[in-house]
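Colleague: Please take me through this model with care, and give the cut-offs behind each term as you come to it.

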Amino acid sequence: MDKGSFIGIFLIVLAIIGGVSTGGEPLLSYISLPSIFVVVIGTFGAAMMSFRPGPFFSALVHTAHAFKDKVHDIDETIDTCIRLADKSRRNGLLALEDESYQDPFVEKAMEMLVDGDDIETVEGLLNKEIYLTRERNQVSVKVLTTFSEFAPAMGMVGTLIGLVAMLQNMEDPKTIGPSMAIALLTTLYGALIANGITTPLAKKMTARSNEILLYQTLVKDAAVRIAKGESPKATFDFLQTYVESHRRKTAEDFKAIIAKQ
């Protein structure tokens, strides 16, 4: 569970409720079904028109990753790669066939090494996999960004609808207030969806996509160096570049990893 996402949602809701309650008006006065229909349904429809149904709904499902914790631990991944590098150096690449892998990307990379694929093929196919994974992940970001683009516009449409209703009934002063309220609430809803929901989610999904990119690139670099027969220590030193300088492990840590074999 990603605590930042849940805390962020809590703070947004708290800010809205606090702002409404201190304004002196009841919370229900800020709820308008016509405004919700125009903004929510209109925004959803406009965003859906921008994509094919399959990728669109798949991207919406993938937004759940914004509320999940990191899937991959870089330090643990480096340890695993070093262990595999040491095993292949001692017993040959075929020794990797006995390993069990929890991640499909690592499994694919190691299977290519066991099958005897040349370095260029290994690097090329893994780069292709990284690229396509990146593209698929970016669809979720594009869908959320599209929601952010259309929500304020639909809010403006609702505002115009409310203004038209107000102008058509100027002879009845009692209708001016409700019509104006609908006009303003649609603008409020549009701004809230764009700036309080979809834009933050798009940024979080971008961060998730970057984490996956970093992880897969690390595995690819490790696989290439294992295929080249590079020493585990050299591979270890290279992979430490994926970690912040203050968190990088030492030669003693490398010995401890090897000792776990």
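Modeller: Helices (H or I, at least four residues) and strands (E, at least two) are DSSP runs, numbered from the N terminus. The model is a predicted one, in which local features need pLDDT of at least 70 and side-chain atom pairs count only at pLDDT 80 or more, whereas totals for chains, interfaces and linings use all residues. Residues are numbered from 1 along each chain as its sequence is written, and side-chain values use heavy atoms, with hydrogens and water left out.

Colleague: Is Ser 5 buried or exposed?

Modeller: Ser 5 lies in helix α1, residues 3-22, and, leaving out residues up to four places away in sequence, Ser 5 touches Ala 66, Phe 67 and Lys 204, where contact means heavy atoms within 4.5 Å. The classes use relative accessible area, with buried under 20%, exposed over 50% and partly exposed in between, for a 1.4 Å probe and protein chains only. Because its relative accessibility is 11%, Ser 5 counts as buried.

Colleague: How many helices does the protein have, and what is its radius of gyration?

Modeller: The protein has 9 helices and 0 strands, and the C-alpha trace spans about 90 × 40 × 25 Å along its principal axes. The radius of gyration is taken over C-alpha atoms, and the globule rule is 2.2 Å times the number of residues to the power 0.38. A compact globule of 261 residues would come near 18 Å, but the protein has 26 Å.

Colleague: At what angle do α4 and α9 pack?

Modeller: Axes are lines fitted to C-alpha atoms, for helices over the stretch in contact, and angles run from 0 to 180 degrees between N-to-C directions. Helix α4 (residues 74-91) and helix α9 (residues 251-259) have axes 9 Å apart, and they pack at an angle of about 65°.

Colleague: Which residues of α9 make the contact with α4?

Modeller: On the α4 side the contact is made by Asp 79, Ile 82, Asp 86 and Arg 90. By class it has 4 nonpolar, no polar and 3 charged residues, with Ala, Val, Leu, Ile, Met, Phe, Trp, Tyr, Cys and Pro counted as nonpolar, Asp, Glu, Lys and Arg as charged, and the others, Gly among them, as polar. The α9 side supplies Phe 254, Ile 257 and Ile 258.

Colleague: What separates the C-alpha atoms of Leu 192 and Ala 151?

Modeller: Leu 192 is found in helix α7 and counts as partly exposed because its relative accessibility is 32%. Not counting residues up to four places away in sequence, Leu 192 touches Ile 12, Ile 16 and Ile 197. Although Leu 192 and Ala 151 are 41 residues apart along the chain, their C-alpha atoms are separated by 8.6 Å.
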